[in-house]
Amino acid sequence: MKNIKKLMLGVSALAVASSLSITAIAEEWKGWNIHKPGYPNTVAMDKFAELLKEKTGGEITLKMFHSGVLGNQPDAIEQVRVGGLAIGNFNLGPIGPMAPEANVVSLPFIFKDMGHMHRALDGEAGDKISAGMAKIGIIALAWYDSGARSFYNSKKPIMKPSDVEGLKVRVMNNDLYSGMISALGGNPSPMAFSEVFQSLKTGVVDGAENNWPSYESTGHFEVAKYYSLSQHLIIPECVCINDKVYNNLSDKNKKAVKDAARESAKLQRALWEKRAISSREKVMKAGVKFNEIPNKQAFMDAMTPVHTKYLSANPDLVPLVNLIKNTK
Ligand code: GTR
């Protein structure tokens with residue numbers, strides 16, 4: 001009996017000791033980012049890591065892996081869902097197929113401009129989108145900017161919807177984007193970001209679509225010199241964390257993580273504004289043939305079937321879409 005008591009005491013002392021050592025050991029997280037050094041998201045994610053360490057008094061450190069070295073975006077999203085990675089800076093485009101609420105931002109022309117997107121995301125619509133992402137194990141800590149995406153290609157200026165007819169256009173992995181290209185009579189080609197340069201260069205695809213900073217940083221402007229300002233998609237990005245990693249934190253550290261992410265978002269948005277301008281200037285100097293689109297409404301009309309099809313398959317999302325459209 002005495003021995004058993006001794007043993008029990010020993011076991012509980014061990015348990016206390018080990019739980020103490022668990023709280024004392026710093027957590028090291030791994031973070032994913034697709035962009036290169038110097039890109040606004042890269043700088044902001046590094047800032048996030050720095051703030052995280054500072055605000056948690058070194059209890060949490062984040063090792064960032066940039067330039068997509070840990071794999072492509074859909075795989076990285078899956079890794080954050082299952083906890084293989086703690087953190088990622090994701091575009092909501094490839095999250096959409098897994099989280100229907102997050103997919104509404106991928107309906108072409110749903111946002112009028114960046115201001116509209118910010119107001120919607122910072123309000124009730126943003127809460128609903130976050131709740132949808134939480135259902136698949138991903139918590140959005142803060143929103144980053146990603147500008148507006150426009151078409152570019154190696155063949156000709158796109159002035160009207162029928163100019164896309166017959167073009168092979170790379171899209172991110174999301175049926176809404178494939179539907180969007182098909183609605184214009186083009187051939188969609190879903191493909192990882194890292195493969196686009198080579199595919200444009202060798203003619204595997206004729207074009208793609210993206211914002212100014214990505215068009216520039218990837219060098220796509222060197223191999224697809226017609227940039228046509230369609231601005232058909234304004235897709236926000238998130239700093240996203242695995243739900244278990246987040247929920248296991250103390251309240252103090254939860255706050256520290258959120259505050260750090262939000263501060264990094266402020267920096268990202270400021271850097272984004274500047275980079276959108278400098279990237280545009282850089283590609284123009286390099287001889288990019290740029291055109292405005294005389295009648296954007298024609299593109300909106302041509303893409304209406306994408307909305308109709310999606311909302312008839314997901315009628316429960318109609319209120320969220322209306323909430324966004326009615327956000328002043
Ligand atoms: C960029 C975005 C990336 C990635 C990329 C793409 O604008 O920041 O996360 O989604 O576009 O086209 O794959």
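Between which domains does the ligand lie? The model is predicted: local features need pLDDT of at least 70, side-chain atom pairs count only at pLDDT 80 or more, and totals for chains, interfaces and linings use all residues. Residues are numbered from 1 along each chain as its sequence is written.

**View 1. The ligand lies between domain 1 and domain 2, because both give residues to the shell around it.** Domain 1 comprises 27-102 + 113-145 + 236-276, and domain 2 comprises 148-234 + 283-325 (bounds from an automatic or database domain assignment). The shell consists of Ile34, Gln73, Asn91, Gly93, Ser146, Met172, Phe193, Asn210, Asn211, Ser214 and Glu237 (C-beta atom, placed from the backbone, within 6 Å of the ligand). Three of these residues are nonpolar, seven polar and one charged (Ala, Val, Leu, Ile, Met, Phe, Trp, Tyr, Cys and Pro count as nonpolar; Asp, Glu, Lys and Arg as charged; the others, Gly among them, as polar).

**View 2. Five strands form an open sheet of mixed pairing, ordered β2-β1-β3-β10-β4.** Strands (E, at least two residues) and helices (H or I, at least four) are DSSP runs numbered from the N terminus; paired strands share at least two DSSP bridges. β2 (60-65) and β4 (138-144) each have a single partner strand, so one side of each lacks a neighbour in the sheet. The twist averages 25° from one strand to the next (axes are lines fitted to C-alpha atoms, for helices over the stretch in contact; angles between N-to-C directions run from 0 to 180 degrees).

**View 3. β4 pairs with β10 (residues 237-242) in the antiparallel sense over six bridges.** Tyr144 has Glu237 of β10 as its bridge partner. Helix α13 (residues 251-285) packs on the sheet, touching β2, β4 and β10 (contact: C-beta atoms, placed from the backbone, within 7 Å). The direction of α13 makes about 30° with that of β4.

Note on methods
Contact = placed C-beta atoms within 7 Å.
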